[in-house]
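Here is a friendly briefing to read alongside the model. Take a look at the structure first, then work through the points below.

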Amino acid sequence: MNSARVKTFYYLMKLGREFELAAKEQYMQGNIAGFLHLDIGQEACSVGTMQAFDKGDVFTHYREHVLAIARGMDPKLIMAELFGKVTGVSKGKGGSMHLFEPKLDFYGGDAIVAGHLPIATGCAYARKIEGEMAGVFAIFGDGATNAGAFFESLNIAAAWKLPIIFFCENNYYAIGTRIGWVSPFEELYHKARHYMPSKRIDGMDVCEVYQVVMEAKEHIEEGLGPYFIEAETYRYEGHSMSDNGKYRSEEEMKIFKSRDPIENLKKEALKLGIVEPEYFEETDKKVAKEIEEAVEFAANSPEPDLSELYENVYCKECTNVVP
Ligand SMILES: Cc1ncc(C[n+]2csc(CCOP(=O)(O)OP(=O)(O)O)c2C)c(N)n1
Ligand SMILES: [Mg+2]
């Protein structure tokens, strides 16, 4: 790993973590309503994937704030969306689970578990028939791998050799349900290995995530069909703000926290001497300022006008509909 890349990984993961901590605080103060699913602990997956998969379409489930940041979405517009403000990336109509930005080819998140996988697969089919090089990236949790839509997507993607990467964040829990209670095995890459190349990786290591997604990207761009990655990871917070996560043991939490993606990247970079210590201090300060500005921007933005209720409900000029 070169120094510049490691610096970018650190900056984006730190920005993501601080964004989530600020969102949590704002939620507790009553400034954010509805659901809020935090990504704290899983930043290596969000950042490593988006740094590698830099072209093509992204479809994601609802735990997507850091993924959006890593894709290039402005944290101000995400925070404003969480606040339900008109300046939000989805005009305040989507909230935390629906960050959507066509300019970034970012078509997420989706609140329906596994609901975005058939859509992503269809998009990969469109890309294939249009002869586009860049493919599709679909990210989802361990819980999604028990859904029918998951197997249907894998099946057709493999049968038609579609250019799509399926990336599973196995954090071992679907809300309070441990994956081993509802799946015959906890190593989920077995579910895909008869359909396509399928790998289990360390999802707490941003460099490993980046490298494997680069490999997968080359594979799909060469027209060799889909690729499956299972990344072992862990969320430090509950499933959402209404869950205290007490169904997990302190011991388990301790093990995963010792593998913290941000702290370990920093430690490793300092040990190898590829990043100077001052970089981390300066970056932490820069990130704190950016997050403060994002909260300020969201707080000072106006609420959507009532007339907005009727906007963007139906497509007015559907120019690309097949007659
Ligand atoms: C089809 C469907 N069933 C149930 C739910 C309720 N639900 C919301 S999140 C969730 C857990 C999903 O867990 P996982 O796929 O592991 O993702 P994670 O939250 O761990 O990132 C469930 C069951 C839903 N949103 N959609
Ligand atoms: Mg899960």
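How many C-beta neighbours does lysine 161 have inside 10 Å, and does that count as buried, exposed or partly exposed? Lysine 161 has 15 such neighbours and so counts as partly exposed, where buried takes 20 or more other C-beta atoms within 10 Å of a residue's own, exposed 12 or fewer, and partly exposed is in between, with C-beta atoms placed from the backbone.

This is a predicted model, in which local features need pLDDT of at least 70, side-chain atom pairs count only at pLDDT 80 or more, and totals for chains, interfaces and linings use all residues. Residues are numbered from 1 along each chain as its sequence is written, while chains are lettered from A and ligands numbered from 1 in the order in which they are written.

**Backbone details**
- Lysine 161 sits in the loop between α6 (148–159) and β5; helices (H or I, at least four residues) and strands (E, at least two) are DSSP runs, numbered from the N terminus.
- Although not a glycine, lysine 161 has a positive phi of about 50°.
- Lysine 91, also not a glycine, has a positive phi of about 60° and lies in the loop between α4 and β2 (100–101).
- Lysine 91 counts as partly exposed because it has 17 C-beta neighbours inside 10 Å.
- Most residues other than glycine have a negative phi, and most peptide bonds are trans.
- The peptide bond from glycine 108 to glycine 109 is cis, with omega near -15°, and glycine 109 belongs to the loop between β3 (106–107) and α5 (116–129).

**Helix α1**
- Among the buried residues of α1 are Val6, Phe9, Leu12 and Phe19.
- Glycine 30 follows α1 and has a positive phi, near 85°.

**Around ligand 1**
- Ligand 1 is surrounded by 15 residues, the closest being Val113, Gly141, Asp142, Gly143 and Ala174; a residue is near a molecule if its C-beta atom, placed from the backbone, lies within 6 Å of it.
- Strands β4 (136–141) and β6 (173–174) each give at least two residues to this shell.

**Asparagine 170**
- Asparagine 170 is part of strand β5 (residues 164–170) and is buried, because 23 other C-beta atoms lie within 10 Å.
- Beyond four places in sequence, its contacts (C-beta atoms, placed from the backbone, within 7 Å) include Asp142, Ile179 and Leu188.

Definitions and conventions: Contact = placed C-beta atoms within 7 Å.
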